[in-house]
Amino acid sequence: MKNALTLAVAIAAAAPAMAQVQITEWMYSGNSGEYIEFTNLGSGAVDFSGWVYDDDSRHATAAAGGFDLSAFGLVGAGESVLITEDDAGSFRANWGLAASIKVLGNYANNIGRGDEINLFDAGGNLVDRLAYGDQVFAGTIRTQTAGGTPVSIAALAPQSVMPGNWVLSSTTDAYGSVMAASGDVGNPGQFILAAVPEPETYAMLLAGLGVIGSIARRRRAR
Ligand SMILES: [Ca+2]
Ligand SMILES: [Ca+2]
Ligand SMILES: [Ca+2]
């Protein structure tokens, strides 16, 4: 799994205006219930108190009908959290999720084959949106019994799914996808980007820059 620093570096490089919390996976129809994943890509924790999710009804507060995400509390840097229409315990058991992965279940704002996922903060401001649908957006994925996974940080920036930006999970992919007991395939609870360099790569890059810097300083000193 990539560490928070790596994600923070990647998000800053790829999309400076992108929100820190992003929709990072969805399955609109699964044998073990639909689910949506949110990931904190920033370098600091985010307080989800008062935050809500809704589908294309776009209700921005719990009072208006959005699904209350307050119970997530503080979501740490690099942490991925989940909501599902299933009972949280059943969902967790089905996917074999670690106890540390936060899951909120039993939401009723179910998403369809073509729909929107909207995330609002405590002030009712839109944090992230993903509009999707294989019948609406030509050449895009249908996330039925297989989750949709972004191929890069940059793929997260558009507010609608785009061909190639999101791919269907498979058990042989590089995103950590697994098959649930129910037969669904996805990587709920973790955000892994195949294309992001490992932390060691950054260390090597930084070390390389340091060497270049010291050579430059020696040259100036002559
Ligand atoms: Ca559904
Ligand atoms: Ca996004
Ligand atoms: Ca995931």
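**View 1. Asp 54 and its bridge partner in strand E9.** Asp 54 has Asn 118 as its bridge partner in E9. E4 and strand E9 (residues 114–120) run antiparallel and are joined by three bridges. Strands, labelled E, are DSSP runs of at least two residues, helices are H or I runs of at least four, and both are numbered from the N terminus. Two strands count as paired if DSSP finds at least two bridges between them. The model is predicted: local features need pLDDT of at least 70, side-chain atom pairs count only at pLDDT 80 or more, and totals for chains, interfaces and linings use all residues. Residues are numbered from 1 along each chain as its sequence is written, while chains are lettered from A and ligands numbered from 1 in the order in which they are written.

**View 2. Strand E4 beside E5.** Strand E4 (residues 52–54) pairs with E5 over two bridges in the antiparallel sense. Phe 67 in E5 is the bridge partner of Tyr 53.

**View 3. The E9–E10 hairpin.** E9 and E10 run antiparallel and are joined by seven bridges. Opposite Leu 119 stands Asp 128 in E10. Five residues lie between the two strands of this hairpin, and Gly 124 in the turn has a positive phi of about 80°.

**View 4. The four-stranded sheet.** The strand order of this open sheet is E5-E4-E9-E10, with antiparallel pairing. At the edges are strand E5 (67–68) and strand E10 (126–133), each pairing on one side only. Strands of a sheet pair through backbone hydrogen bonds, either parallel or antiparallel.

**View 5. Surroundings of Ile 101.** Ile 101 lies in the loop between helix H2 (88–95) and strand E8 (103–104). Ile 101 counts as partly exposed because it has 16 C-beta neighbours inside 10 Å; a buried residue has 20 or more other C-beta atoms within 10 Å of its own and an exposed one 12 or fewer, with C-beta atoms placed from the backbone. Leaving aside neighbours within four places in sequence, Ile 101 is in contact with Leu 82 and Gly 189, where contact requires C-beta atoms, placed from the backbone, to lie within 7 Å. Glu 79 is 22 residues from Ile 101 along the chain, and their C-alpha atoms are separated by 8.4 Å.

**View 6. Residues 211–216 and model confidence.** The protein has a mean pLDDT (the predictor's confidence in each residue, from 0 to 100) of 88, and 80% of its residues reach 70 or more. Over residues 211–216 the pLDDT is below 50, and this stretch has zero contacts in the model beyond near neighbours in sequence. Where pLDDT is low, the predicted coordinates should not be read in detail.

Technical notes:
Contact = placed C-beta atoms within 7 Å.
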